[in-house]
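Take a look at the model below before reading on. The text walks from the whole chain down to single residues.

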Amino acid sequence: MKKSLTLVLTGLSALAATSSAFAADNEVNVYSYRQQYLIEPILKDFTAQTGIKVNIIFAEKGLVDRVVREGKDSPADVLLTVDISRLKEIVDAGLAQSVKNDILEKNIPAHFRGKNDEWFALTTRARAVFSSKDRVGKLPASFNYYDLAKPEYRGKICIRSGKHPYNVGLIASMIAHDGEAKAKAFLVGLKDNLARRPQGNDRGQVKAIHEGLCDYSLGNSYYYGKMLTDKEQKSWADDVFINFPDQESYGTHVNVSGIVIAKYAPHKANAIKLAEYLSSDKAQKLYAELNFEYPVKPGVQPSELVQSWGTFKADNIPLAEIADNYEKALKLIDEVKFDL
């Protein structure tokens, strides 16, 4: 992802720094944490279908602060991001507006929407467990996340920082389901079972399994697709099975990418049209093919590669409940000194 990369997707010149660049009515202004390679093809198709020009800013960080600084004069119509924690951050900053819309309600299940329809999920990704093919094999359907804290897994698990949003979201879901005490006990047991101090990213943990440093890791499902289609990382992915925990209980924890209509959106009608399009069959299929994510719209199938991993039961707890427990999860991770 390129920092603060500014593009106009319909062949216009680079986005101007002043609000006057956003004056036209037949356009929509997007601030995006999502990567350029993924979003550009989808938004180009939106423009081709609707004639609405898309002005977009890509960034790794700082977009929320930017919208706060811009205040009521912000040109932002739409914010695109990943992870329930970032959606929560936007809402908590007072930058979102509630949108009641029949198409969005039809396309996006209720547990993938904000409490007051102030955000909408567009894709999901599962928090999977990867296991060594040679040393472990495929895990049974009875396997659950809590198993990773059992003594028999001592020294066999690799994981990225406990404070990474992907892991915080999982712990927040555990708190929502089972309370803080059980979630804390899980963190203590998981820490005791680590083969090394938390480090790197999700793909780095699969590489560690490939190198024999550990036998299990936690990682988002779409990274498996990325590794399988990357000639330099395919050997890592070939050495592991992807497993979907909690199939006999709550279901596998999933997180999302999502969209927010900005509070002061100058082109609100076009922003809603974009949200509707992104929840449509075509856009959902594009997301699935380009980034190995799961569509949120019922009936739209994942890519063939993702389908080859098999079906699984996803936890259908409202993501808003996970967001409500996010700070509690962070506190527990600090209390057990997970990353130390």
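This is a predicted model: local features need pLDDT of at least 70, side-chain atom pairs count only at pLDDT 80 or more; totals for chains, interfaces and linings use all residues.

The protein chain has 14 helices and 10 strands. Its C-alpha trace spans about 65 × 40 × 35 Å along the principal axes. How does the radius of gyration of the protein chain agree with that of a compact globule? For 340 residues, a compact globule would come out near 20 Å, and the protein chain has 20 Å, so the two agree.

Burial comes next. Of the 340 residues, 55% count as buried. The chain exposes about 14200 Å², and carbon and sulfur atoms supply 49% of that area. As for charge, the protein chain carries 45 positive and 43 negative charges. Their mean positions are 3 Å apart.

Now the aromatic rings. A pair of aromatic rings is described by the distance of the centres and the angle of the planes. The structure holds 9 aromatic pairs. One of them joins Phe143 and Tyr153, with ring centres 6.2 Å apart and planes at 75°, so this pair is edge-to-face. The cut-off for that label is an angle over 60 degrees. Phe143 and Tyr153 both lie in the loop between strand S5 (120-132) and strand S6 (157-158), so the pair ties together parts that are 10 residues apart in sequence. Phe143 is buried, and Tyr153 is buried too.

Phe244 and Phe312 make another pair. Their ring centres are 4.3 Å apart and their planes stand at 5°, so this pair is stacked. Here the cut-off is an angle under 30 degrees. Which parts of the chain does the pair of Phe244 and Phe312 tie together? Phe244 lies in the loop between strand S8 (240-243) and strand S9 (254-261), while Phe312 lies in the loop between helix H12 (304-307) and helix H13 (319-324), so the pair ties together parts that are 68 residues apart in sequence. Phe244 has 10% relative accessibility, so it counts as buried.

Rings also form a cluster. Ring pairs link Phe130, Tyr224 and Trp309. Tyr224 leads on to helix H8, where it is one of the buried residues.

Gln36 sits in helix H1 (residues 36-50). Is Gln36 buried or partly exposed? Its relative accessible area is 23%, so Gln36 is partly exposed. The C-alpha atoms of Gln36 and Ala93 are 25 Å apart in space, and the two residues are 57 apart in sequence.

Backbone angles pick out two more residues. Most residues other than glycine have a negative phi. Asp117 is not a glycine, yet its phi is positive, at about 55°. Asp117 lies in the loop between helix H4 (102-107) and S5. With a relative accessible area of 5%, Asp117 is buried. Phe292 also has a positive phi, near 60°. Its place is the loop between helix H11 (281-291) and strand S10 (294-295). Phe292 has 12% relative accessibility, so it counts as buried.

From Phe292, move to His253. The C-alpha atoms of these two residues are separated by 17 Å, and they are 39 residues apart along the chain. His253 lies in the loop between S8 and S9. Its relative accessible area is 3%, so His253 is buried. Which residues does His253 touch, not counting those up to four places away in sequence? They are Arg125, Ala126, Arg127, Tyr145, Gly169, Leu170, Ser173, Asp315 and Ile322.

The last stop is Lys297. It is found in the loop between S10 and H12. Leaving out residues up to four places away in sequence, Lys297 touches Asn107, Ser279, Ser280, Asp281 and Gln284. Lys297 and Leu95 are 202 residues apart in sequence, with 25 Å between their C-alpha atoms.

Definitions and conventions
Residues are numbered from 1 along each chain as its sequence is written. Side-chain values use heavy atoms; hydrogens and water are left out. Helices (H or I, at least four residues) and strands (E, at least two) are DSSP runs, numbered from the N terminus. The radius of gyration is taken over C-alpha atoms; the globule rule is 2.2 Å times the number of residues to the power 0.38. Buried means under 20% relative accessible area, exposed over 50%, partly exposed in between (1.4 Å probe, protein chains only). Accessible areas come from the Shrake-Rupley method with a 1.4 Å probe; for residues, only the protein chains shown count as cover. Lys and Arg count as positive and Asp and Glu as negative; His and the chain ends are not counted. The place of a charge is taken as NZ of Lys, CZ of Arg, CG of Asp or CD of Glu. Rings of Phe, Tyr and Trp (its six-membered ring) pair if their centres lie within 6.5 Å; planes under 30 degrees apart count as stacked, over 60 as edge-to-face and the rest as tilted. Contact means heavy atoms within 4.5 Å.
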